[in-house]
Amino acid sequence: MRTVLVTGPGGAGRTTLAAATALTAARAGTPTLLLTPGPVPLGTAPAPGLRVVAADPDAAFRNGVGALQDRAGALLGLLGAAPLEDGELAPPPGLAPYALLAALHRHATEPYGLLVVDLPAGTEGLALLAAPALLRRYLDRLLPRQRQAARALRPVLGKLAGVPLPGAEWYEAAARAEAALAASEALLTGPETSLLPVLVPGRAGTEALRLTRIAASLHGLALDRPLANRVLPEGAFGAAAQHAALKTLEDVREIPHLGAEPAGPAGLEALGAPLPGEPARAPEWTLHDLRAETGLIEWHVPLPGAERGELDLYRFEDELAVTAGPFRRTRPLPSALRRCDVTGAALRDGVLRVRFRPTPGLWPEG
């Protein structure tokens, strides 16, 4: 399924253009699903072939806590803890992105030709790209799959220790969660997915676009042609500053300012949002064997627009974590690099070049 992730800073009209993009696709005959964290200006009957689903943080939180209490009932009773009543529950701040992630998984297998996801505003929404892999990592640490082989011993160990140990149902729940997160990750960062940046021309919009490009490259996502929203006509107050900012941006599509916030299908169609095409080729992390020249192997990470001071690297066993600005991605090392030591890194021409030296004794001579 073709997936378009619409991103942009708060106040840039991201939700409006996500709705306009979904409407354009549905009008063109593509069955389309729009996932959003809040209300959209489409009215009650937007268009045939278009379905709108608003993620509900309150319902997601209540369902999650309820399921956890059901599974941990024995342990809670042992600790003397009273279960939380439904009326006590209220979602904590910051839960909206994860409610959107849950909705993404629930609707991922439905027969739509296009999925448009209205990401939360700014870096919070872009950070969601890393969430499935991060949560899968936590699950594997807390309930390692290889320890399931000892499940026959858990009742005995539990009696000896006097504390209930995780039963088979915990591992089964973890396996279901892992599968759900893997499916969500495939949708968010798969080859049919692209990021569609929305910005208002100006300093804040330019910075938001820079961060979006970094996030796209870090996660190997194609970037659709950015939409410069609310572009004022020549001669209008503030238009000169907008058009000066547009000259510094490359290959953006201008969406005119209509004088009022668009409402309903007619208002959204007047924006002229483009029909999503096929995603462009996504940037890739590439290996370069330079042993003959320098004795090193380099792993090149494309990070256009990144600055040296906002980069960080961390190696843990056979994984490498790259931090660029507010974003972080952890990837398994290619097999050749697992037998190497990291010797440094350099940022040149928008590419982070991580240098590895073969570890003595782990590589054949010559």
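Helices (H or I, at least four residues) and strands (E, at least two) are DSSP runs, numbered from the N terminus. This is a predicted model: local features need pLDDT of at least 70, side-chain atom pairs count only at pLDDT 80 or more, and totals for chains, interfaces and linings use all residues. Residues are numbered from 1 along each chain as its sequence is written, and side-chain values use heavy atoms, with hydrogens and water left out.

**View 1. Four strands form an open antiparallel sheet.** The strand order is E9-E10-E15-E14. Two strands pair if DSSP finds at least two bridges between them. E9 (286–290) and E14 (340–348) are the edge strands; each has a single partner strand, so one side of each is left without a neighbour in the sheet. From one strand to the next, the twist averages 25°. Axes for such angles are lines fitted to C-alpha atoms, for helices over the stretch in contact, and angles run from 0 to 180 degrees between N-to-C directions.

**View 2. Strand E9 meets strand E10.** E10 covers residues 296–302 and runs antiparallel to E9, joined by five bridges. Leu290 stands opposite Leu296 in E10.

**View 3. E14 and E15 form a hairpin.** Eight bridges pair E14 with E15 (residues 351–358) in the antiparallel sense. Gly344 faces Arg355 of E15 across the pairing. Two residues lie between the strands, and Asp349 takes a positive phi near 55° in this hairpin.

**View 4. One aromatic pair is found in the whole structure.** Trp285 and Trp299 pair edge-to-face, at 5.1 Å centre to centre and 70° between the planes. Rings of Phe, Tyr and Trp (its six-membered ring) pair if their centres lie within 6.5 Å; planes under 30 degrees apart count as stacked, over 60 as edge-to-face and the rest as tilted. Trp285 sits in the loop between helix H11 (264–269) and E9, Trp299 in strand E10, 14 residues apart. Trp285 counts as buried at 10% relative accessibility, and Trp299 counts as buried at 2%. Buried means under 20% relative accessible area, exposed over 50%, partly exposed in between (1.4 Å probe, protein chains only).

**View 5. The second largest pocket is lined by 33 residues.** A pocket is an open set of points on a 1 Å grid over the protein atoms alone, where a 1.4 Å probe fits, with protein on both sides within 12 Å along at least five of seven lines; lining residues have an atom within 4 Å of a point. Ala133, Leu134, Arg137, Glu319 and Thr330 lie nearest its centre. Helix H6 gives the most to the lining, with seven residues.
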